[in-house]
Amino acid sequence: MTARSTSTTATGLVVVGLCCQEVGASLAVILFPEVGPLGMVMLRLVFSAIVLGLIARPSWRGHRRASWVGVVQLGVALAVMNGFFYLALERLPLGVTVTIEVLGPLTLSIIASKRASAWLWAGLALVGVVALGGGGLDRLDLLGVLFALGAAVSWAFYILASAKVGAAFPKLDGLAFAMAVGAVIALPFGIANAGAALLRIDLVALGAAVALLSSTVPYALELIALRRLPAAVFGILMALAPATAALAGFLLLGQHLTVVELFGIALVIVASIGAVRTAGRRADEVAEPVG
């Protein structure tokens, strides 16, 4: 297989992963009336933890206390991020929610770049977010926007904690442990939110499907793709998440967005791509100093 075909295949894997994530999110929204957003978080994390545990078969031995602290931090980030995300989805369209959530990693990219030009992308993203509100965020559900911003902040912490855990644990071991921690944290809130609905096998099975679509399949595809794509290219592809979310919301949930809102999503995508490219150039300069 040529380098070009390998890159094309890897790109396809990332796109399929993004589509799976948004189909999973759409299915979760459909289940909200039955199990509630926090019940959905619990089902997603519990089944993701089970599947990852079976796949990774992580070893408990040979890890320092600092590594376990990192696992707990990542588990908390997973639980909080998913909780805020689904609470936002209950009040906002899928495309809008994902676009606001993307501000978390976008902000990290801008800070990491340490370039003045990075603030151009920050300004562009801000214009995009304002456009999502049709000229003012007051037309969106304020609590939903706050939940989405909470998910954005949590995603930034998730990225930082994930890097720490990834360096301390081999393969998927750290993520498997962290997912279990997140599932334990989500358990009481999910039981309180879902109640007797958890006794229905059909709803539990659909919750397992959401976990596979939203977590297991995308993580696996992204892991394979990262072995074949440069990190900067991968980051640019991930920046397309708001577009796939808006499309999934329209096709699966009947969520119509205005032209102004679609323009706002496009601006955030462009800002994300620009920030990733700027951060990538900064990393290249650090790795290969002149002279």
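Helix H10 (residues 241-253) contributes four residues, the largest share of a nonpolar surface patch. Helices here are DSSP runs of H or I with at least four residues, and strands are runs of E with at least two, both numbered from the N terminus. The patch covers about 470 Å² and is made by Val23, Leu247, Phe250, Leu251 and Leu252. Residues in a patch have over 30% relative accessible area and no salt bridge, and nonpolar side chains (Val, Leu, Ile, Met, Phe, Trp, Tyr) are joined within 5 Å. A salt bridge is a side-chain nitrogen of Lys or Arg within 4 Å of a carboxyl oxygen of Asp or Glu. Accessible areas come from the Shrake-Rupley method with a 1.4 Å probe.

The structure is a predicted model, in which local features need pLDDT of at least 70 and side-chain atom pairs count only at pLDDT 80 or more, while totals for chains, interfaces and linings use all residues. Residues are numbered from 1 along each chain as its sequence is written, and side-chain values use heavy atoms, without hydrogens and water.

The chain contains 11 helices and zero strands. Of its 291 residues, 49% count as buried, that is, under 20% relative accessible area, with exposed meaning over 50% and partly exposed in between. The chain exposes about 14,100 Å², of which carbon and sulfur atoms supply 70%.

Two residues illustrate these classes.

Helix H6 (residues 142-168) has 27 residues and reaches 39 Å from its first C-alpha to its last, close to the expected 39 Å. The expected span is 1.5 Å times one less than the number of residues. At the start of H6, a side-chain oxygen of aspartate 141 comes to within 3.1 Å of the backbone nitrogen of leucine 143. The buried residues of H6 include Phe147, Ala148, Tyr158 and Val165.

Alanine 148 touches Ala88, Leu92, Thr97, Ile100 and Glu101, leaving aside residues up to four places away in sequence; contact means heavy atoms within 4.5 Å. Among the buried residues of helix H3 are Thr97, Ile100 and Glu101. Helix H3 (residues 94-101) is mostly covered, with eight of its eight residues buried. Alanine 148 also lies 9.3 Å from valine 102, C-alpha to C-alpha, although the two are 46 residues apart in sequence. Across the chain, 87% of contacts between residues at least 6 apart in sequence join residues at least 24 apart.

Definitions and conventions: Buried means under 20% relative accessible area, exposed over 50%, partly exposed in between (1.4 Å probe, protein chains only). A polar contact is a pair of N or O atoms within 3.5 Å; within protein, one must be able to donate a hydrogen and the other to accept it, and residues adjacent in sequence count only if both atoms are side-chain atoms. Patches are made of residues with over 30% relative accessible area and no salt bridge: like charges are joined within 9 Å, nonpolar side chains (Val, Leu, Ile, Met, Phe, Trp, Tyr) within 5 Å.
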